[in-house]
Amino acid sequence: MGSVTFRRPLVSDDAAPAEEPGPDWPNEPEGYTLVTEHPFSNASVTNSSSGGGATGWGYAPRSGTFARRENNPPMSSPYSGEGTYGAGFTGGNDLFTIYHGSDKGNLVFLGFVHRYSDNWVGHSSGVNKNVFCWANDQATTYLSAQGSGSGTLNAQLRLQAQAQGSASAPNNALNLEGNTGNSPAIQRGVWHRWELFLQMNTSGQANGIARLWLSSWNGSAWSEPKLVLDYDDVIFDPSGGTFDQVEWVGTWGGIGGTLSESQYQQMDHIRITRAAA
Amino acid sequence: MSIPDYGSRWNVAQDLKAVIFQQAKSRGLFLYDLDVHASASGFMGVNMIRGELVGDVVHEVLDTRQYIRAAFDWERSADPAYLSEIAASILGGYEAG
């Protein structure tokens with residue numbers, strides 16, 4: 001595989017320099033080409049029959065409610081997409097799917113700006129999924145803000161399907177927890193910018209890469225991005241292959257349990273880029 | 001019948017997930033997570049992990065995670081009896097390890 005040049009050094013401590021004014025996605029590798037963006041900002045689309053108004057995106061409803069909110073999110077104001085879990089929502093169900101399904105190659109950058117409602121109740125399993133990234137036509141990875149009840153939420157990249165994970169993962173090789181000593185909590189009611197870089201492993205080799213940076217929005221500026229996950233020994237699929245579909249589904253759980261009051265996830269913007277062919 | 005678009009496949013996968021969950025419950029199988037997705041090539045990809053309750057928190061039982069790829073006949077995707085049959089087959093495969 002070729003080398004990847006990141007725009008910023010891979011810093012993971014508080015001594016990192018303040019972010020220079022620059023791109024909205026400071027950790028996107030240099031030279032990557034745009035696959036798609038979903039800004040959730042087309043006010044003329046009041047339902048999401050066309051994927052919320054973004055070309056190439058699809059939508060299918062399920063147990064939640066999709067709405068467009070005029071709440072001036074940080075990336076693509078004035079609208080965000082909102083998925084609401086009503087009172088009585090049961091664990092294991094999805095909001096809906098908003099998906100983009102083309103081949104993304106073996107190196108992919110996925111950035112999105114997202115927040116959990118300020119009253120967010122973490123599922124009893126601790127699993128609070130937001131976005132899936134598929135590989136080889138299988139739902140191989142998803143991101144979750146792990147935490148139950150009103151407890152602390154921490155980002156994880158969780159692997160499934162044929163993934164064999166990382167030998168260096170702290171507890172379970174398939175749950176990639178923060179491993180940089182620098183894992184800021186996901187704060188309820190606050191916009192977070194998630195920047196995920198994935199490099200598929202070569203066939204039979206534990207050399208896949210997963211990196212995740214998080215920043216939070218204080219109302220006028222982004223915090224310094226923190227490198228939360230940094231793994232370079234991942235087997236996403238023993239046969240290697242390519243990443244393909246990305247979808248926002250917002251699964252609550254886990255299995256079982258019921259919400260006593262409504263809560264939501266909001267999505268400001270999704271951006272997917274890949275290494276040039 | 002050709003394999004439908006992703007949104008349609010996804011909804012059938014969620015229907016199947018609900019059936020698997022109900023059957024698991026009736027078998028006394030306590031799950032931490034159950035994830036069902038329908039592939040573009042037509043199979044159902046099912047991820048299952050057993051759970052155990054510790055206080056108010058459900059923990060995954062390590063080494064009980066399985067991924068099952070189940071062939072699926074999309075001609076019969078609207079037939080509840082077929083979904084029940086597939087769910088039973090998936091659970092049987094899971095319990096057989």
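Predicted model: local features only at pLDDT ≥ 70, side-chain atom pairs only at ≥ 80, totals over all residues.
A search of the whole structure finds three cavities of 30 Å³ or more.

- Strand 9 (154-159) of chain A and strand 1 of chain B each give at least two residues to the lining.
- Sorted by class, the lining has four nonpolar, two polar and three charged residues.

**The largest cavity**
- The volume of the largest cavity is about 50 Å³.
- Its lining includes A:W134, A:D137 and A:Q138 from chain A, along with B:D35, B:H37 and B:Y67 from chain B.
- Two or more lining residues come from each of strand 8 (138-146) of chain A, strand 1 (31-38) of chain B and strand 2 (44-54) of chain B.
- Five nonpolar, five polar and two charged residues make up this lining.

**The largest pocket**
- With a volume of about 290 Å³, this is the largest pocket.
- Of the 19 residues that line the largest pocket, A:G91, A:I255, A:G256, B:F21 and B:Q22 lie nearest its centre.
- Helix 1 (residues 6-26) of chain B provides the largest share of the lining, seven residues.
- The lining divides into seven nonpolar, eight polar and four charged residues.

**The second largest pocket**
- The second largest pocket has a volume of about 180 Å³.
- Among the residues lining the second largest pocket are A:S125, A:G126, A:R158, A:N175, B:Y32 and B:H59.
- Strand 3 (residues 57-60) of chain B gives the largest share of that lining, four residues.
- Here the classes are three nonpolar, six polar and two charged.

**Two helices of chain B**
- Helix 1 of chain B packs against helix 2 (residues 80-96) of chain B at an angle of about 60 degrees, and their axes are 9 Å apart.
- That angle is why helix 1 of chain B counts as oblique to helix 2 of chain B.
- The crossing of helix 1 of chain B past helix 2 of chain B is right-handed.
- Residues of helix 1 of chain B including B:V12, B:L16 and B:I20 take part in the contact, and helix 2 of chain B brings residues including B:L83, B:I86 and B:L91.
- The residues of this contact comprise 11 nonpolar, two polar and one charged.

Methods. Residues numbered from 1 in each chain as written. Chains lettered and ligands numbered in written order. Heavy atoms only, no water. 1 Å grid on protein atoms, 1.4 Å probe; cavity = no way out; pocket = protein on both sides within 12 Å on 5 of 7 lines; lining within 4 Å. Points joined across faces, edges and corners; volume = space filled by probe spheres on them. Nonpolar A, V, L, I, M, F, W, Y, C, P; charged D, E, K, R; others polar. Axes fitted to C-alpha atoms, helices over the stretch in contact; angles between N-to-C directions. Parallel < 35°, antiparallel > 145°, perpendicular 65-115°, else oblique. Left-handed = near helix turned anticlockwise from the far one by under 90°. Contact = heavy atoms within 4.5 Å.
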